[in-house]
Amino acid sequence: MRESDSFPEGRVLFSRLAKHVRLRQLQLLLALQQCCSIAKAAAHLDMSQSAATQALAELERVLDLRLFERHSRGIRPTQAGQALIDAVRSVMNQLEDVSETLAAIRMGASAALRLGSIPAAAHAILAQLLAQFYALRPQVHVDVQESEGPRLLSLLISGGLDAVFCRRPALLPESFVFEPLLRDEAVVVAAGTHPLAVRQAVPLAALGDARWVLPTSNIAVRDIFEHTVLARLPQAQWFPVSTVSLPVLEGLLGHPRAVALVPRSIVPGLAHDRPAGGIRILDMAVDRAALALADLGVMHAREPAPPLLQDLLKLWRAAHPLG
């Protein structure tokens, strides 16, 4: 009986990968995609070109699939090769993350905690919370990944993180809980030199000639910009960039007439000590309800929450009761 008669094709290929594929071959896949050349990929990994060619051939033989094809500028992944590369990149990223944790344990860390955070929560919650936590638990290694919510939630659900500090997701899996920690709202910010920085009750119409720094399209404050600002300022202008990077935001706010709609929670992360008054929150005459954002909080598995995470959250609840 053939192997494929007993098992679905996917299990057959997985069995071959587990038995025959080496980590070095997976590193080679990533290098080949990046370099588009066997010779350059081999040099990058300190391999001979013949060894790299043989390693790729062995991998293709194990899978009975062609993973790369030649073209005028070198080589590129086939559809099968790209699918495998995407998975390998995720595996390698996780191995790099766990390597950091293992290194910390080797150097004396007593335990480890893996956290994810969106930028707003990193500035408004984790920055001060971890400082308090380390005063009590200096031997704990905490690995923090800052990224966009969807990517972090995917890592949490797959077991790659212990908790994610974020806004409440639209769909909350039954086996997970979300605890609100901090209320938030959108605010308009500008450089301290902006003509409206010292005015009170600024009407939105006064920003008709402003140039906006847009938040990325998949975060909550972007929805407020589109439904509140653009609804009243349909001719609004903006920079040809969208970002959640605070250094990029600060740089663009240095341009004349530049403003941005951001969560109030990230404002402490902006440079208030820069020349000419730093970054200011404009006093806008806008309905506060229109600027409301979902609470920032923490999402983790319903049971059991890691004891270290429970200790971390106790510190926040004691100092910041959410009434």
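**Notes on a predicted model**

1. Confidence in the protein chain is lowest in helix α1 (residues 3-6), with a mean of 44, and highest in strand β5 (residues 163-167), at 94. Here pLDDT is the predictor's confidence in each residue, from 0 to 100; helices (H or I, at least four residues) and strands (E, at least two) are DSSP runs numbered from the N terminus. Over residues 1-6 the pLDDT is below 50, and this stretch has 6 contacts in the model beyond near neighbours in sequence (contact: heavy atoms within 4.5 Å). Where pLDDT is low, the predicted coordinates should not be read in detail.

2. For the protein chain, the mean pLDDT is 85, and 91% of its residues reach 70 or more. This is a predicted model, in which local features need pLDDT of at least 70, side-chain atom pairs count only at pLDDT 80 or more, and totals for chains, interfaces and linings use all residues. Residues are numbered from 1 along each chain as its sequence is written, and side-chain values use heavy atoms, leaving out hydrogens and water.

3. Is Leu214 buried or exposed? Leu214 is buried, at a relative accessible area of 7% (buried means under 20%, exposed over 50%, partly exposed in between, with a 1.4 Å probe and protein chains only).

4. Leaving aside neighbours within four places in sequence, Leu214 is in contact with Arg222, Phe225, Trp238, Val241, Ser242 and Thr243. Ser158, by comparison, is 56 residues from Leu214 in sequence and 31 Å away in space, C-alpha to C-alpha.
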